[in-house]
Amino acid sequence: MKIWVDADACPVVIKEILYKAAERRRMQLTLVANSRFRIPKSSFIRFLQVPHGQDVADTEIVNKIDSGDLVITADIPLAAGVVEKGGLALNPRGEIYSEENIKERLSTRDFLDSLRSSGVETGGPPALNPRDRQAFANSLDQLISKYSNRA
């Protein structure tokens, strides 16, 4: 199992949890983004910069993942592509996207998009709080433990 991160929108606190997990578990972590940023020096952590453009990072991630890889993203269409390809997707609040829930999530996202397009103010998600960070860390640990040792 490799871990891929849709890093442009990933909160710093989540990246820090991922850095520690990659080191502790000795797993490959790849952060994919349009804009360069600092990452810790590690043989397990790498950065992949992609050109600017809508969904460029998402497309790169879906093209590079293997079945069983884990992708960290809050982007529902990216999560759908990951699940379709046999990967695992986890959002920064610790919610796991799966074949069982991704279609519902896409429908909800599309509905909210249509509301926004018609001028309705839907607001965004609340800021991450300590409970969210703990839920993410717990889900990450569970997924790594469950799937990283599968052949």
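The model is a predicted one.

I then read off the two strands. Strand E4 covers residues 70–72 and strand E5 covers residues 88–90. They pair in the parallel sense, over three bridges.

Next I traced the whole sheet. I get six strands in an open sheet, ordered E3-E2-E1-E4-E5-E6. The pairing is mixed.

I turned to helix H1. H1 lies across strand E1 (3–6), strand E2 (29–33), E3 and E4. Against E2, I note that H1 runs at about 150°.

Then I checked H1 against helix H5. H1 spans residues 12–25 and H5 spans residues 130–147. Their axes come within 11 Å and cross at roughly 30°. Angles under 35 degrees count as roughly parallel, so I log H1 and H5 as roughly parallel to each other. The crossing of H1 past H5 is right-handed.

Which residues make the contact? From H1 I list Val 13, Ile 14, Ile 17, Leu 18, Ala 21, Arg 24 and Arg 25. From H5 I list Arg 133, Phe 136, Ala 137, Leu 140, Asp 141, Ile 144 and Ser 145.

I sorted the contact of H1 with H5 by class. It has nine nonpolar residues, one polar and four charged.

Methods: Residues numbered from 1 in each chain as written. Predicted model: local features only at pLDDT ≥ 70, side-chain atom pairs only at ≥ 80, totals over all residues. Heavy atoms only, no water. Axes fitted to C-alpha atoms, helices over the stretch in contact; angles between N-to-C directions. Helix = DSSP H or I, 4+ residues; strand = E, 2+ residues; numbered from the N terminus. Parallel < 35°, antiparallel > 145°, perpendicular 65-115°, else oblique. Left-handed = near helix turned anticlockwise from the far one by under 90°. Contact = heavy atoms within 4.5 Å. Nonpolar A, V, L, I, M, F, W, Y, C, P; charged D, E, K, R; others polar. Pairing = 2+ DSSP bridges.
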